[in-house]
Amino acid sequence: MAEATRDGEWQRTACILCECNCGIEVQLDDRHFARIRGDRGHPMSAGYTCNKALRLDHYQNGPDRITTPLRRRDDGTFEAIDWDTAIREVAARLSAVREQHGGEAIFYFGGGGQGNHLGGGYAGATLRALGARYRSNALAQEKTGEIWVQGRLMGAGVRGDFEHAEVALFIGKNPWQSHGLVRARHTLRAIAKDPARTLIVIDPRRTETAELADIHLPVKPGTDAWLLSALVAVLVQEDLIARQWLAAHANGVEEIVAAFAAVPVAEYCAIAGVPEALVRETARRIAAASSVAVAEDLGIQMNRHSTLSSYVEKLIWILSGNFAKRGAQNAFSSLVKLASAGRDDAAPARVSPVVGARIISSLVPCNVIPDEILTDHPKRYRAMIVESGNPAHSLADSQRMREALRALETLVVIDVAMTETARLAHYVLPAPSQYEKAEATFFNFEFPRNAFHLRRPILPAPDGPLPEPEIHARLVEALGALTEADLAPLREALTRGRAAFAEAFFAATAANPRLSPIVPVVLYRTLGPTLPAGCASAAVLWGAAHLFAMQNPASVRRAGFGGDGPEAGEQLFEAILNSPTAVVFSVDDYEDSWERVRTPEHRFHLVIPELLEELAQLATERPSNANPEFPFVLSAGERRAYTANTIFRDPTWRKQDMAGALRMSPTDAARLGVADGGRARVTTKRGSADVIVEVSDTMQPGHVSLPNGLGVDYPLDGGPRARAGVAPNELTASEDRDWLAGTPWHKHVAARIEAIG
Ligand SMILES: Nc1nc2c(c(=O)[nH]1)N[C@H]1C(S)=C(S)[C@@H](COP(=O)(O)OP(=O)(O)OC[C@H]3O[C@@H](n4cnc5c(=O)[nH]c(N)nc54)[C@H](O)[C@@H]3O)O[C@H]1N2
Ligand SMILES: Nc1nc2c(c(=O)[nH]1)N[C@H]1C(S)=C(S)[C@@H](COP(=O)(O)OP(=O)(O)OC[C@H]3O[C@@H](n4cnc5c(=O)[nH]c(N)nc54)[C@H](O)[C@@H]3O)O[C@H]1N2
Ligand code: SF4
Ligand SMILES: [Mo]
């Protein structure tokens, strides 16, 4: 072992299992996480964790860690190679692709999971050094439709203030299990307990959140577009909209009113399977509330009419005037932007090179990736870098995804574990775990206080893996994009302090056009070594802190970072470097939300013609699951108490539901003759899987669900690999996707179920 671990001491870090990244404290015992507790000093989570954080040792000491670079032999087995060989060969192979076919033939996927975005902050340098132009990540199979709608409506990312909301509305989201809001279970219980507040849930399943709700709208799977349209139609037709507020803040109100005046409420409620009276009651409750916070998630984002549903969801809170105030929707600020809700209606949309799929927030839709590779089109992707993602498991249609990955001339995977994707790679480059290096999440979406946590390593990395920023720096150097001569004057300036460095840095990047595309690596190689031990990777945050302070001076000042000009940015960076927990970097006023609306007069632009056309088509379309061959709707990928994407590969981390049962209503179970704990076969047009059945009265008849993240394989002691549960994407198809954003219909897969004796 390289260095001693600080056994027995409480060390502060964060949970990496979901977007919340709750602060935790860990006591180590011989590299094991012996004790874990919530960090009360964390400014957001304040001691809160859910049940999953306590199982993090199964990640740190998972069964499939990689500790040396690997190269695949022709027979499919791997040999260990040293880093110099790995970097040299990867750079040479990617350069060869660029020379023959252009950099745009090199595709990048990933850049971070639920808690690790620092490495992805450096990947851009490698891509620009290669001339690569196309990339994607998991956001392009869930959030890109919503991002596109936000871009068109207001050009800003928006978040609900559930802590203070009088009415909280969740659509296709089960925050009791999936979280996505700070201290989710506390917040939900507080709303449910308070008679003055109302919790509303739209979900076909009576989820844990729906169980707490005051109003549950048990929508028929896949019919949210009709239900949400009916809800907005009631607001419009009963004249419950915030007319005066809208006159001051929105364009296109009359077109929207006209479109929804035409919606036949009773008919749409019937299609959605929800009593009209309940829909009217819900609309009236929303209109009467002093504040409404809303969140949508995968239940509509991975479903039929997903981009349209995201649009109509937003009309609910805009038409009722719930923006830029306490308890409502607000536009947050990010230290580092993960997605850009650009207002792209003026510019022609960028599209993918083969299929011509719309690129949103710079991301190619995940569902078209196989089509972009499995073709003889001259512009096909021929090489791919995958970093902190497992597309062979997590994207639609695993069979086709595997076929596509196998067809690449070069596949390079950067991961901590030997994943389904890594096993198809030509080169696998090992990274230290998120507890063995400096890391950070860029999922910073809170309002009015927003916080950022630079986590220090809490134990040394084993010999072998290299942090992602170091891998990218070496690749950029091997590609010849950066030389020692570029860095020398910057290093010299740094000896005279950061102010001198800043000056030299801006002068150098202005003078040398080669440097600006690779700025993260320049910072890593100059500023990085001067940062506290283990924190070189934080170098990129120096630029981010300065930029943020320049763009949001008042919010940064309220957060306690003052001074003139660059002083505030420098103070913020120092605070991030020196704080063991998250730092509040921004304190906003509710009015600041308007400043972030990036339309000419900071007004909502309500009319989106493409989606109003789709709305009109609902009038004649009838959702039907009439295919007698596949009479069930399968939701493939539900969040449960013991699921966490594929971050854990060891199934024993689960304390219950080890095999990830198929949930089914008692009516269906009786009809099929399956008992609770019995076995059944699920078949879709793409595949078939044997499952254990959990009979659950939370399910509607005709609707079944499988958990997310199961079916990863793991090595048994010295022997073959085993697999627990069903990999959901063996059952999904890449062509089943939204026409506009390309997001998959994973929550709505046509399936057949048979009992197995
Ligand atoms: N425990 C746990 N938590 C997680 C994760 C995890 O793997 N495990 N993953 C994290 C990630 S990456 C994400 S993106 C979030 C996702 O978080 P959520 O979106 O909340 O999670 P899901 O359970 O996938 O889907 C939400 C709900 O959609 C419902 N649904 C299915 N069909 C329909 C429909 O037709 N209409 C409506 N309205 N609802 C429908 C399901 O019943 C389910 O309750 O969770 C995050 N948190
Ligand atoms: N059918 C179906 N499919 C789904 C979903 C669904 O609901 N249904 N949900 C989708 C959603 S919302 C999401 S977000 C995706 C998630 O899918 P992916 O984006 O593929 O993410 P993860 O499963 O979180 O995999 C993250 C990878 O990061 C690796 N890793 C962990 N720590 C580090 C590190 O420090 N460095 C590096 N380099 N690697 C690391 C892990 O070993 C793992 O291989 O799955 C999606 N797939
Ligand atoms: S809410 Fe998310 S980040 Fe917090 S402990 Fe649970 S899984 Fe971890
Ligand atoms: Mo996700």
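Predicted model: local features only at pLDDT ≥ 70, side-chain atom pairs only at ≥ 80, totals over all residues.
View 1. Of the 32 residues around ligand 1, the nearest are Asp203, Gly222, Asp224, Thr643 and Lys747; a residue counts as near a molecule or strand if one of its heavy atoms lies within 4 Å of it. Residues are numbered from 1 along each chain as its sequence is written, chains are lettered from A and ligands numbered from 1 in the order in which they are written, and side-chain values use heavy atoms, with hydrogens and water left out.

**View 2. Polar contacts of ligand 1.** Here a polar contact is a pair of N or O atoms within 3.5 Å; within protein, one must be able to donate a hydrogen and the other to accept it, and residues adjacent in sequence count only if both atoms are side-chain atoms. Asn303 brings a polar side-chain atom to 2.8 Å from an oxygen atom of ligand 1. Taken alone, ligand 1 exposes 910 Å², and the protein buries 96% of that (Shrake-Rupley method, 1.4 Å probe; for residues, only the protein chains shown count as cover).

**View 3. What builds the shell around ligand 1.** Helix 5 (175-178), helix 13 (298-301) and strand 23 (632-638) are the elements that give two or more residues to this shell. Strand 23 provides the largest share, three residues. Helices (H or I, at least four residues) and strands (E, at least two) are DSSP runs, numbered from the N terminus. By class, the shell around ligand 1 holds seven nonpolar, 14 polar and 11 charged residues. Ala, Val, Leu, Ile, Met, Phe, Trp, Tyr, Cys and Pro count as nonpolar, Asp, Glu, Lys and Arg as charged, and the others, Gly among them, as polar. Domain 3 (144-335 + 609-617) and domain 4 (632-756) each give at least three residues to the shell around ligand 1, with domain bounds from an automatic or database domain assignment.

**View 4. Ligand 2 and its surroundings.** Ligand 2 is surrounded by 30 residues, the closest being Ser394, Asp415, Glu468, Ala636 and Thr646. A polar side-chain atom of Asp415 sits 2.7 Å from an oxygen atom of ligand 2, while Asn729 places a polar side-chain atom 2.8 Å from a ligand 2 nitrogen atom. The side chain of Lys747 has an N or O atom 3.2 Å from an oxygen atom of ligand 2. On its own, ligand 2 has 920 Å² of accessible area, of which the protein covers 96%. Strand 16 (410-415) and strand 23 give two or more residues to the shell around ligand 2, which by class has 10 nonpolar, 14 polar and six charged residues.

**View 5. Ser665 in its loop.** Ser665 lies in the loop between strand 24 (662-664) and helix 27 (666-672). Its relative accessible area is 1%, so Ser665 is buried (buried means under 20%, exposed over 50%, partly exposed in between; 1.4 Å probe, protein chains only). The Ser665 side chain reaches the backbone nitrogen of Asp668 at 3.2 Å.
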